[in-house]
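Here's a quick tour of the model shown below. We'll start with one chain, move on to the contact between the chains, and finish with a few individual residues.

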There are 2 protein chains.
Amino acid sequence: MTDRAADLRNFKAAAIARLGAKYVLSGSDAEAFEHDFWKQNCGRAACIVEPTTREDVQFLVKLAAQYSISIVPQGGNTGLVNGGIPDATGQQVLLSLKRMNQIRAVDPAGDYIIVEAGAILAQVQKAAEDADRYFPLGLGAEGSCTIGGNIATNAGGITVLRYGMMRDLVLGLEVVLPNGEVLDLMRSLRKDNTGYDLRHIFIGSEGTLGIVTAAILKLVAPPRERVTIWVTVSTPAHAVELFRYLRGEFGDLISSFELISSYGVEAACTHLPGVRRPVDQPAPWHVLMEISWSFREGLRARAEGVLEDLFEKNLIGDGTIAENEAQRQMMWRIREGQSEATSKIGAIVRNDVTVPIASIPELVDRVMSWTPEFGQDVVCLPFGHIGDGNLHMNFVVSRDRFQDLEYRLLEKLYSDVDQLSGSISAEHGVGRMKREAIAKRKAGMRLELMHKLKSVIDPDGRFNPGVVIDPKFEK
Amino acid sequence: MTDRAADLRNFKAAAIARLGAKYVLSGSDAEAFEHDFWKQNCGRAACIVEPTTREDVQFLVKLAAQYSISIVPQGGNTGLVNGGIPDATGQQVLLSLKRMNQIRAVDPAGDYIIVEAGAILAQVQKAAEDADRYFPLGLGAEGSCTIGGNIATNAGGITVLRYGMMRDLVLGLEVVLPNGEVLDLMRSLRKDNTGYDLRHIFIGSEGTLGIVTAAILKLVAPPRERVTIWVTVSTPAHAVELFRYLRGEFGDLISSFELISSYGVEAACTHLPGVRRPVDQPAPWHVLMEISWSFREGLRARAEGVLEDLFEKNLIGDGTIAENEAQRQMMWRIREGQSEATSKIGAIVRNDVTVPIASIPELVDRVMSWTPEFGQDVVCLPFGHIGDGNLHMNFVVSRDRFQDLEYRLLEKLYSDVDQLSGSISAEHGVGRMKREAIAKRKAGMRLELMHKLKSVIDPDGRFNPGVVIDPKFEK
């Protein structure tokens, strides 16, 4: 047995003594933690540890330091960039926060909720709702992603337009640092200018600087009347113009403004059970929009008036307002089922790009015009949050050509995004998947400061090595 | 002549060669830059330099590095914690950003504005308005404070409740680092998860980590209908209850919710020309509230309905809605003239504390109950943004007792704030004034990480030494 194997064995023995054998997993029990959400990538951990308290986390971090073992923190394992799974060496310990899932308090007067990192997003939404408040983060994986993961990745989703990213919703934070000490920033205050704001260093750092163990999150007024509108337009340029017009009418009451292609809508209607198009005829492009306020009535009437204006001014082809919750759900099912529906047709080359809103039409035009160069079997499938400039310019390709095409399609897409001053990761993050692509796009001081932060907070490079930062800069 | 004097003389000569003698000031020309806003504190600079370009700033920073000279950046010099004026040594160079005041572009479609650091806040508000957009930062000093200063201090103000602090309004940032290199984060994107978010390290760091030279700021939908309401209540607890009730009615349409004491309102009516009480009778406490939306009509009618309910439910004593802009201005004049009015009565012990909203009544009760212990001539004058938990618990004292009382009153106030889990600097920042008081309140890792950040970004401690961070940790 090598020294390394002895170190890992000793770590495991001490972890079992602390947590119990049931919460230190390996072999087949570990598998669910080792592969990514899409089951396209798989690593191997030395073991999985499942703490239930912050003190457990501190114990494990200090124990790992003692044996120079790296730690990969994991929440609901719904990440899309391989930032929460171990590498292939079998030498990293995966620390799952899932069992730290308590909602500690909801304060409707102070408009905040105190949660542990492993609390499921949907659980937090529900707790807020039960207190007649609203936690305004919403995303496809909300039924299984955790708050800790949302914070570590600065999650976005379908209401960013109105409420911001996860970063904008964190009031207080508790972080276990690589030295095992606790950084206690657990305050519910809205304003606190007493020095550098350390929260934002950890939010979006994907577990490379600290392990989030608890947070205090902002709640907002619940949307008591919500109007969901589906319209069709002939081009993405018309969709952007429509967005501008409607923002003039509804201001910041617009919480979602989503573009979906004809191909995507028809795919959803064909491949998702029970789904049908909200408007009678196929159309080149569809827009799903939601507006809300905290009054109980009056918004729908205003929306109906605006919809009439849109018809009169020829700003839309067709359009309808959801009559009830079932119709609303159906509209959202088409939007959120885009990946599911198109994965029945072929393999999907996924991405998560953003450009300034005014450049969205050009991005879509460019990409759709060069897509055929890759072959008749490649279809570009743009959809996403154009209200904040974030589109998923996915491609559906024949399964047998996925390996061949993925890198080439993304490189060509990213080159357009660069030219339009965009970003190749709007909300999914860096992880291992995009580390190199992002590093080569960052100007000198930006990358240098990231390395400096990493080196000063995690000098031994033991927190999620290889994620976000190139490991050769970690020591 | 000592070496130090030669260094300063050489720096000055090279600065004059670059900027021209007109923009390198000393002696009486420098005085306006050397004393603070209230003219209570005064430092002395080696000279004042006034660059007009980012390249000038880089040149000056590198030049200062060459001679080991410290730099104090300054915007509109409206700070309240002595964070933007030099110390008394006459060895620091004050770098004023005032001449870098261009508004480079407004993009109403992308909802952003690109400005240089020296642009005046009111100028930025105006440019947004001219493009039918709204820049939602508002504060007393808006006619002279600069965007760079707002960013460096993470300014708050009267609309934080709805739109957040300055931190929440910064999309892109350009910073000159202590090594003279530029950190270019100038992007207008709403979402960009490509690594650590470096913006927030510099926002609120009060010029100790970098000099902000330009920024891209978020714009929002303009409030087309605005309703300003003045009501009276019998206690701060009733004001907090009222806030809770009205937030249930108006949700996030409330942009301001300000509490003012009877003493403060009467002082404004007595000492500010042309000001009179918006309601007939004096009352123990007054609340000034503003709600708005982007529709052109309908909110006032809703507000009138709610006001009737408030009377019926006995939630207020008296109440009125501003009939026109002149009445609205009068209401705001009372609120914003609190310091001006009460400074006619005595000297003012200022502060800027915050506690969780639910604890506001207790804070006011506690402080008002012990205030008389300090003598008949000491009056507590609470006013401020209770919607976000931030109160100025000012004291009016006899001028001859100011020196004697200031420290003692603040220590006693801060001790209550500590006990109620608050913060002693909600929006004004740390500067030199609160550095020690704040350092002793911070838990271990929080202070340690601040020191680490400072040491890794400004290893020679030449950017605004003594501000925020104790200089003994700077090297």
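What share of the contacts in chain A with a separation of 6 or more comes from residues 24 or more positions apart? In this predicted model, such pairs account for 72% of those contacts.

**Chain A as a whole**

Chain A is built from 16 helices and 17 strands. Its C-alpha atoms fill a box of roughly 75 × 55 × 45 Å along the principal axes. A compact globule of 475 residues would have a radius of gyration near 23 Å, and chain A agrees with that at 23 Å. As for burial, 61% of the 475 residues of chain A count as buried.

**Where the chains meet**

Now for the contact between the two chains. The size of an interface is often given as the accessible area lost when the parts come together. Here, chain B and chain A bury about 6,900 Å² between them, with carbon and sulfur atoms giving 57% of that area. On the chain B side, B:Lys191, B:Asn193 and B:Tyr196 lose the most area to chain A, and together they make up 15% of what that side buries. The contact involves 86 residues of chain A and 85 of chain B.

One salt bridge to look up joins A:Lys191 to B:Glu427, where the closest N and O atoms are 2.8 Å apart.

Which elements of chain B supply at least two residues each to the side that touches chain A? They are helix 6 (160-163), strand 8 (182-185), helix 7 (199-202), helix 8 (236-250), helix 10 (299-312) and helix 16 (444-457). Helix 16 of chain B gives the largest share, 9 residues. By class, that side of chain B has 35 nonpolar, 24 polar and 26 charged residues.

**A few residues up close**

Is A:Asp388 buried or exposed? With a relative accessible area of 4%, A:Asp388 is buried, because buried means under 20%. A:Asp388 lies in the loop between strand 16 (379-385) and strand 17 (390-397) of chain A. Its side chain reaches the backbone nitrogen of A:Leu161 at 3.3 Å. Leaving aside residues up to four places away in sequence, A:Asp388 touches A:Val160, A:Leu161, A:Thr354 and A:Ile357, along with B:Arg190 and B:Lys191 from the other chain.

A:Asp470 sits in the segment after helix 16 (444-457) of chain A, and is partly exposed at 24% relative accessible area. A:Asp470 and A:Arg435 are 35 residues apart in sequence, with their C-alpha atoms 7.2 Å apart in space.

| Residue | Phi | Relative accessible area |
|---|---|---|
| A:Asn77 | near 55° | 16%, buried |
| B:Asn314 | near 60° | 66%, exposed |

Both sit in loops. A:Asn77 is in the loop between strand 3 (71-74) and strand 4 (92-96) of chain A, while B:Asn314 is found in the loop between helix 10 and strand 13 (319-321) of chain B.

Technical notes: Residues are numbered from 1 along each chain as its sequence is written. Chains are lettered from A and ligands numbered from 1 in the order in which they are written. This is a predicted model: local features need pLDDT of at least 70, side-chain atom pairs count only at pLDDT 80 or more; totals for chains, interfaces and linings use all residues. Side-chain values use heavy atoms; hydrogens and water are left out. Contact means heavy atoms within 4.5 Å. Buried area is the accessible area (1.4 Å probe) that two parts lose on being put together, summed over both. A salt bridge is a side-chain nitrogen of Lys or Arg within 4 Å of a carboxyl oxygen of Asp or Glu. Helices (H or I, at least four residues) and strands (E, at least two) are DSSP runs, numbered from the N terminus. Ala, Val, Leu, Ile, Met, Phe, Trp, Tyr, Cys and Pro count as nonpolar, Asp, Glu, Lys and Arg as charged, and the others, Gly among them, as polar. The radius of gyration is taken over C-alpha atoms; the globule rule is 2.2 Å times the number of residues to the power 0.38. Buried means under 20% relative accessible area, exposed over 50%, partly exposed in between (1.4 Å probe, protein chains only). A polar contact is a pair of N or O atoms within 3.5 Å; within protein, one must be able to donate a hydrogen and the other to accept it, and residues adjacent in sequence count only if both atoms are side-chain atoms.
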